[in-house]
Amino acid sequence: MAYYNSEPKYEHGDQLKVGILLANLGTPDAPTAQALRPYLRQFLSDRRIVEIPRLVWWFILNCIILAIRPKKSAEKYASVWTSEGSPLLVHAKKQTLLLRGFLAQKIQSPFTVELGMSYGNPSMESAIQKLKAQHCDRILVFPLYPQYAASSTASALDAVWRVLLKTRNMPAIRTIKHYHDHPAYIEALAQSVREHWRINGKPNKLVMSFHGVPKFHLLKGDMYHCECHKTARLLANALSLNQDEYTIAFQSRFGKQEWLKPYLANLLESLGKAKVSRIDVICPGFSSDCLETLEEIAMEGKHIFQSNGGGEYHYIPALNENEAWIHAMTTIALENLHGWVSADWDADTAKKEAEMTKLRAQGLANN
Ligand SMILES: C=CC1=C(C)c2cc3[nH]c(cc4nc(cc5[nH]c(cc1n2)c(C)c5CCC(=O)O)C(CCC(=O)O)=C4C)c(C)c3C=C
Ligand SMILES: [Fe+2]
Ligand SMILES: [Fe+2]
């Protein structure tokens, strides 16, 4: 088998495009133990996710985790699965289509948007192949993680680099590192909270819950923790909240190590025991609803809070297809596409460009 991926057919004069590659985590193909096993194997074999020595981890992963977790996780996935599929994938696909449409209003030069996942399907490889098949010679990688973390953003970029290592005709690449403090993202979050409060009234406390990572990631230089705090502070400012009206927590602890604190489960337990009459929980780090928000936050979190004596519990949905969020994605993409796309491109320019390319190929033009 050839080491390099085959290149798509290209003829002089074919129109070159800019590709925007939306990168997200990925999800299993079905809510079953059979589908969870390969997904979790790929996910948990990533060194960005688990950093313990390979041989020890191989044994723990294959002999313990993959024997138990697929069945347990499949039951959780089944509780949030929709008729269209996994929520994460359903939302990410809709975001891809919407971003394509919004960008088409803003730029006229040829571009396209595709979706690629770090683990599972659609793979990063299939997304890059789709972009190359459409003659994208410039690709902007847009991770759907507002806060940079080595375990999310960098692992998505690793997946891109792995494909490029096997690519003969490499496109130019730009990457977006983060947008945790981008005004349009903060405004999209603020709008969704304001809308929830307009309909349901205000809670005693707004809990902002972020996916956790092991504490040593922070100690070794991963700034994720700081970026989560900055997002929370900016969102609180946008909503004019006092310090005692909101709080931050980290969820989804995995394994026995210490993770970023406070742990959401402990916080919900103490808020419940304090008989707080209503809390609202929002997850600003998740661009789409997924297992971690719909099962862990909306279901499990509610149970912890209320079984400890807490009152009303509202989960505020992720940004998903909110217009303000797609608008924010459009703004962030455009800022990073500077010099790659033009607002005044038209069919005539394209024709002239194609002619020039042909002439250049025949040695009839020097520029
Ligand atoms: C902000 C984004 C995320 C970070 C950072 C992150 C780190 C991280 N995750 C695990 C382990 C698991 N995460 C799982 C699911 C999952 N994680 C994220 C996002 C981040 N993870 C999302 C969006 C999802 C949901 C995917 C979906 O299909 O809906 C899972 C799988 C589910 C399960 O079995 O519980 C695991 C495992 C670690 C160890 C980690 C940091 C080191
Ligand atoms: Fe995770
Ligand atoms: Fe979880």
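**Contacts, domains and the ligand shell**

In this predicted model, residues 24 or more positions apart make up 82% of the protein's contacts with a separation of 6 or more.

Me: What is the mean pLDDT of the protein?
Reply: The model is predicted. It scores ipTM 0.96 and pTM 0.93. Of the residues, 93% reach a pLDDT of 70 or more. The mean pLDDT is 95.

Me: Why does the protein count as being as compact as a globular protein of its length?
Reply: The protein holds twelve helices and eight strands. For 367 residues the globule rule gives 21 Å. The protein is close to that, so it is as compact as a globular protein of that length, with a radius of gyration of 23 Å.

Me: What share of the 367 residues counts as buried?
Reply: Along the principal axes, the C-alpha atoms fill a box of roughly 80 × 50 × 40 Å. A residue counts as buried if 20 or more other C-beta atoms lie within 10 Å of its own. Of the 367 residues, the buried share is 39%.

Me: How many residues of domain 2 are in contact with domain 1?
Reply: Domain 1 covers 17-179 + 323-348, and domain 2 covers 183-316. Their C-alpha centres lie 24 Å apart. Domain 1 brings 24 residues to the contact. On the domain 2 side, the number is 23.

Me: Which helix gives the largest share of the side of domain 1 that touches domain 2?
Reply: On that side of domain 1, α2, α3 (87-106), α5 and α11 (323-336) each supply at least two residues. The residues there divide into 16 nonpolar, seven polar and one charged. The largest share is six residues, and it comes from α11.

Me: Which residues come nearest to ligand 1?
Reply: There are 22 residues around ligand 1. By type, the shell divides into twelve nonpolar, eight polar and two charged. Those that come nearest are T27, S73, S151, C290 and L291.

Notes:
Residues numbered from 1 in each chain as written. Chains lettered and ligands numbered in written order. Predicted model: local features only at pLDDT ≥ 70, side-chain atom pairs only at ≥ 80, totals over all residues. Near = placed C-beta within 6 Å. Nonpolar A, V, L, I, M, F, W, Y, C, P; charged D, E, K, R; others polar. pLDDT = per-residue confidence, 0-100. Helix = DSSP H or I, 4+ residues; strand = E, 2+ residues; numbered from the N terminus. Rg over C-alpha atoms; globule rule 2.2 N^0.38 Å. Buried ≥ 20, exposed ≤ 12 C-beta atoms within 10 Å, placed from the backbone. Contact = placed C-beta atoms within 7 Å. Domains from an automatic or database assignment.
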